[in-house]
Amino acid sequence: MRIACISFSNAGEKIATRIRDNFSYVVDCFNKDNYRKNFSRIFGEYQGIVFISSTGIAVRICAPYLKNKISDPAIVVIDDTGKYAISLVSGHLGGANDLTQELANFLKCQPIITTASDNRGIEAVDLFAKKYDLFIEDLNAAKTVTAMMVDGKRIGFYSLLNEKIHYPNLVKSHPEGCIFVDVAERIECSVPACILRPKILFIGIGCRKGKAGYEILDAIEQVFQQNNLSLKSVKAIATIELKKNEPGIHEASHALRCDMRIFSDKQIAEVQDQFEPSAFVEETTGVKSVSEPCAYLAGGELIIPKKTFDGITIAVSQSK
């Protein structure tokens, strides 16, 4: 985490300097003379902003720049006597609560964290999602369910993962709200619910040379729609080394905001006999199959066998 410390008094500057010189993150210091011309850049480039000031000053300076809890940086306020560290903005997703606690431990001062779930020992939905790299389908739905948890409502928790959210009133039947950790695109629920997407799907791709990114994306989307899978759960696209510089595959990976994994002929040859061979593929690539072995090597269990779309093959695996 890269942090900007902004101070407005001599005492505040001393605290900022102490943080800069001894804290565990990269810290840049600004003061009352230079923060104004730099603040737009600070807000956009730094993951954390620490004000050594009153909360009022911090609120007034930040207010025009605040957008949402997904993109806003962690904002913490420390009074210039060093007695209190206050989590002000982006407590969960931005990491302000954790940063506040770390600064309080470093300065030996009192942390002040006011998020309702933390003070009740409840793991908020967005914090659980951040911990396990889950995509939040609808942030408002996550806020609604977290508010229900704060009120002690009965919550159903249905997950493909072993990890459970920390909440004492999880139920298996007759819930008042639900949390789904699932790769299914369409999930029916009659009560307020939030859906979290685990990154556990892997797409194996084989294609003819020169296939455009939009063609590959269209093939992927068809497979996912037909099998009720969410593209938000894609962890990586996998292909053979021969195709590692194929522009269309790179474009698809970029569009899906996922990693690319490249497997060698040798790696594929070790597992290819588990899958249906293709004489044409063997003639052009040197291996008997591409999409299925690559999906398998990337993720493990093959859940969708090879589908062919005009020179493009798609297979999907799911990790456990």
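Two strands count as paired here if DSSP finds at least two bridges between them. Helices (H or I, at least four residues) and strands (E, at least two) are DSSP runs, numbered from the N terminus. This is a predicted model, where local features need pLDDT of at least 70, side-chain atom pairs count only at pLDDT 80 or more, and totals for chains, interfaces and linings use all residues. Residues are numbered from 1 along each chain as its sequence is written, and side-chain values use heavy atoms, with hydrogens and water left out.

**The sheet**
- Six strands make an open sheet with mixed pairing, in the order β2-β1-β3-β4-β5-β6.
- β2 (26-30) and β6 (110-112) sit at the edges with a single partner strand each, so one side of each has no neighbour in the sheet.
- Strand β5 (residues 84-89) pairs with β6 in the parallel sense over three bridges, and Gln-110 in β6 is the bridge partner of Tyr-84.

**A helix pair**
- Helix α8 (residues 213-226) and helix α9 (residues 247-256) have axes that come within 7 Å and cross at roughly 60 degrees; axes are lines fitted to C-alpha atoms over the stretch in contact, with angles from 0 to 180 degrees between N-to-C directions.
- Contact (heavy atoms within 4.5 Å) involves residues including Ile-216 and Ile-220 of α8 and Ile-249 and Ala-252 of α9.
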